[in-house]
Amino acid sequence: MEKQIFYYKFNKVNAWLILNLALTITLSYWSIKCVCLLYWIQTQILIGLCVFSWLGWIWKYVLKHQAIMVDEEGIKLDLSDKLKWSDIKSIEEKEVCCCLKKYKVLILHPKENIDYHYNFLQKHNGEFTPFAVPLYGILSEDDEKTVVEIIKQKVGIEHA
């Protein structure tokens, strides 16, 4: 099996885009109609906010963010270290609650006493255990199915 990388998939047309467009249009109108407004500190702060907001939107929605990487050796979730297939005791499909919503995840249960470096989010992420594969629309449907099939082949699944 060769290395496969799955990326997060976000809907680009959202409230953040609309707010960025509204702010950009407003600032453009001000700069065309009344150039003197560009010298006001409030307008300069809004221009800085607009640029910062666009950079954040581009970073999240245009750039690709790796969600899952699988290969023959193991699975890597987000920016965490790779979890070897041999270190996984069992896997269960479960619904967890976050912000009053239920999310479907695939939880990988590691074997006891494995030497693994947990990052901050893996230590402090509530019901989302350190090794929770998202199955709630943050990946494309085809990617979710492919990841589940790969994990089924490598380990097997228990239903909660």
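Which loop is the place of H65? The answer comes in point 4, after the overall picture.

1. Basis. This is a predicted model, in which local features need pLDDT of at least 70 and side-chain atom pairs count only at pLDDT 80 or more, while totals for chains, interfaces and linings use all residues. Residues are numbered from 1 along each chain as its sequence is written, and side-chain values use heavy atoms, with hydrogens and water left out.

2. Fold and dimensions. The protein has 4 helices and 8 strands, in the order β-α-α-β-β-β-β-β-α-β-α-β along the sequence. Helices (H or I, at least four residues) and strands (E, at least two) are DSSP runs, numbered from the N terminus. The radius of gyration of the protein is 21 Å, whereas a compact globule of 160 residues would have one near 15 Å. That radius is taken over C-alpha atoms, and the globule rule is 2.2 Å times the number of residues to the power 0.38. The C-alpha trace spans about 65 × 35 × 30 Å along its principal axes.

3. Of the 160 residues, 30% count as buried; buried means under 20% relative accessible area, exposed over 50%, and partly exposed in between (1.4 Å probe, protein chains only). Of the contacts (heavy atoms within 4.5 Å) between residues at least 6 apart in sequence, 59% join residues at least 24 apart. There are 19 positive and 19 negative side chains, and the centres of the two sets lie 7 Å apart. Here Lys and Arg count as positive and Asp and Glu as negative, with His and the chain ends not counted; the place of a charge is NZ of Lys, CZ of Arg, CG of Asp or CD of Glu.

4. H65. This residue sits in the loop between α2 (41-61) and β2 (66-70). H65 is buried, with a relative accessible area of 18%. Its side chain reaches the backbone oxygen of W59 at 2.7 Å. Apart from neighbours within four places in sequence, H65 is in contact with Y7, Y8, W59 and K60.

5. F131. The loop between α3 (120-123) and β7 (132-134) holds F131, a buried residue with a relative accessible area of 2%. Leaving out residues up to four places away in sequence, F131 touches L77, L83, L106, I107, L108, P110, Y116, Y118 and Q122. One of these, I107, is 24 residues from F131 in sequence, and their C-alpha atoms are 5.8 Å apart.

6. Y136. Is Y136 buried or partly exposed? Y136 is partly exposed, at a relative accessible area of 33%, and lies in the loop between β7 and α4 (141-154). Y136 touches Y103, K104, V105, F128 and E144, again not counting residues up to four places away in sequence. Y136 and V105 are 31 residues apart in sequence and 7.1 Å apart in space, C-alpha to C-alpha.

7. Positive phi values. D78, which is not a glycine, has a positive phi near 55°. D78 belongs to the loop between β3 (74-77) and β4 (83-84) and counts as partly exposed at 34% relative accessibility. N113 is not a glycine either, and its phi is positive at about 60°. N113 lies in the loop between β6 (101-110) and α3 and is exposed, with a relative accessible area of 80%.

Note on methods. A polar contact is a pair of N or O atoms within 3.5 Å; within protein, one must be able to donate a hydrogen and the other to accept it, and residues adjacent in sequence count only if both atoms are side-chain atoms.
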